[in-house]
Amino acid sequence: MKRTALLNRFFTLLYTDLWWLYDIAAWIASGGMWYEWVRTAADFVNAPPVLEVGFGRGHLLLHLHQQGIPVVGVDRSPQMVRAAQQALRRQSIDIPLVQADGRALPFPDATFGTLMTTFPAPYVQEARTQHEFARVLRHEGQWICLDTAFGAHRWTMRLWPATLLYTLAGWPTSKAKGVTSSSITPAFVSPHLFDCQVVLVPVRDTRVRVLLCKRRLA
Ligand SMILES: C[S@@+](CC[C@H](N)C(=O)[O-])C[C@H]1O[C@@H](n2cnc3c(N)ncnc32)[C@H](O)[C@@H]1O
């Protein structure tokens, strides 16, 4: 099996049978910054209700709820849905969680003011996913996509595990992709569906890239 196929297999396992390892892996890959990065996306919410697609362990759902923002979560993985449900129940918090694929969202048209994805899996790049995202968003609704993080300096020590992973997989690093200096909307976002603004948010000695994609009129 090729290296990339092996890594993809690993990620699939990390979202399913190895769900319990997800937070540990995220912590290692980010030098402990993962959820600090993820929470920055919440600062851009200006229109409730929010739908988070691919919520993983559910930390952003909880953060949004604690800010008083009505939120609904969708994830394809039954293990992630169960783990998030249990974590929320332990805190007596009731957030609607749905096990579904982001490519076929079980909601009527124009239901949400904001749709969020943080560190999304590759399905968000598919045209049918983005059609679904645009469909469930209200007029002027916004898709907030936090898609990458990187060191602010050439050598950011805390990020070496992630850099090593990218190098092993043969994936382009943020620098190679021109992310660090460019504000150009990545090619995967459909310009027919969304008008995007790219924001680089400083978080300690790192930066996160947040795409603020306003739904275009049909
Ligand atoms: C990299 S994790 C990100 C989790 C979380 N947003 C975070 O920032 O830690 C990707 C998540 O997307 C979910 N996922 C993958 N493919 C999906 C799809 N087609 N539809 C919905 N969720 C999906 C996975 O189960 C996993 O929970």
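# A guided tour: rings, ligand and disulfide

Begin by selecting F10, F11, Y15, Y22, W34, W37 and F119, which ring pairs link into a cluster. Rings of Phe, Tyr and Trp (its six-membered ring) pair if their centres lie within 6.5 Å; planes under 30 degrees apart count as stacked, over 60 as edge-to-face and the rest as tilted. The model is a predicted one, in which local features need pLDDT of at least 70 and side-chain atom pairs count only at pLDDT 80 or more, while totals for chains, interfaces and linings use all residues. Residues are numbered from 1 along each chain as its sequence is written, and side-chain values use heavy atoms, with hydrogens and water left out.

**Aromatic pairs**

Across the whole structure, a search finds 10 aromatic pairs. Select Y22 and W34 next: their rings form an edge-to-face pair, 6.5 Å centre to centre, with 85 degrees between the planes. The pair links distant parts of the chain, since Y22 belongs to helix α2 (residues 22-30) and W34 to helix α3 (residues 34-40), 12 residues apart. Helices (H or I, at least four residues) and strands (E, at least two) are DSSP runs, numbered from the N terminus. Are these two residues buried or exposed? Both Y22 and W34 are buried, where buried means under 20% relative accessible area, exposed over 50%, and partly exposed in between (1.4 Å probe, protein chains only).

Now move to F133 and W143, an aromatic pair that is also edge-to-face, with 5.1 Å centre to centre and 75 degrees between the planes. F133 lies in helix α6 (residues 127-136) and W143 in strand β5 (residues 137-151), so this pair ties together parts that are 10 residues apart in sequence. F133 and W143 are both buried.

The side chains of T117 and W143 are joined by a polar contact of 3.0 Å. A polar contact is a pair of N or O atoms within 3.5 Å; within protein, one must be able to donate a hydrogen and the other to accept it, and residues adjacent in sequence count only if both atoms are side-chain atoms. T117 counts as buried because its relative accessibility is 0%.

Return to helix α6 and select E132, which is found there. At 13% relative accessibility, E132 counts as buried. A polar atom of the E132 side chain lies 2.7 Å from the backbone nitrogen of L105.

**The ligand**

Select the ligand and the residues around it. Which residues come nearest? Of the 21 residues around the ligand, these are Y22, G54, D75, G102 and T118; a residue is near a molecule or strand if one of its heavy atoms lies within 4 Å of it. The largest share of this shell, three residues, comes from α3. By residue class, the shell divides into 11 nonpolar, five polar and five charged. In this division Ala, Val, Leu, Ile, Met, Phe, Trp, Tyr, Cys and Pro count as nonpolar, Asp, Glu, Lys and Arg as charged, and the others, Gly among them, as polar.

A polar backbone atom of G54 is 2.8 Å from a nitrogen atom of the ligand. An N or O atom in the side chain of D75 is 2.6 Å from an oxygen atom of the ligand. For D101, an N or O atom of the side chain is 3.0 Å from a nitrogen atom of the ligand. Taken alone the ligand exposes 600 Å², and the protein buries 96% of that (accessible areas come from the Shrake-Rupley method with a 1.4 Å probe; for residues, only the protein chains shown count as cover).

**The disulfide**

Finally, select C196 and C213, which a disulfide joins with an S to S distance of 2.2 Å. C196 lies in strand β6 (residues 194-203) and C213 in strand β7 (residues 206-215), so the pair ties together parts that are 17 residues apart in sequence. The structure holds one disulfide, defined as a pair of cysteine sulfur atoms within 2.5 Å. The torsion about the S-S bond of C196 and C213 is about 100 degrees, so the disulfide is right-handed. At 23% relative accessibility C196 counts as partly exposed, whereas C213, at 0%, counts as buried. C145 is in no disulfide, and the nearest cysteine sulfur, that of C213, is 6.8 Å away. C145 also counts as buried, at 0% relative accessibility.

The last stop in strand β7 is K214, which counts as partly exposed at 34% relative accessibility.
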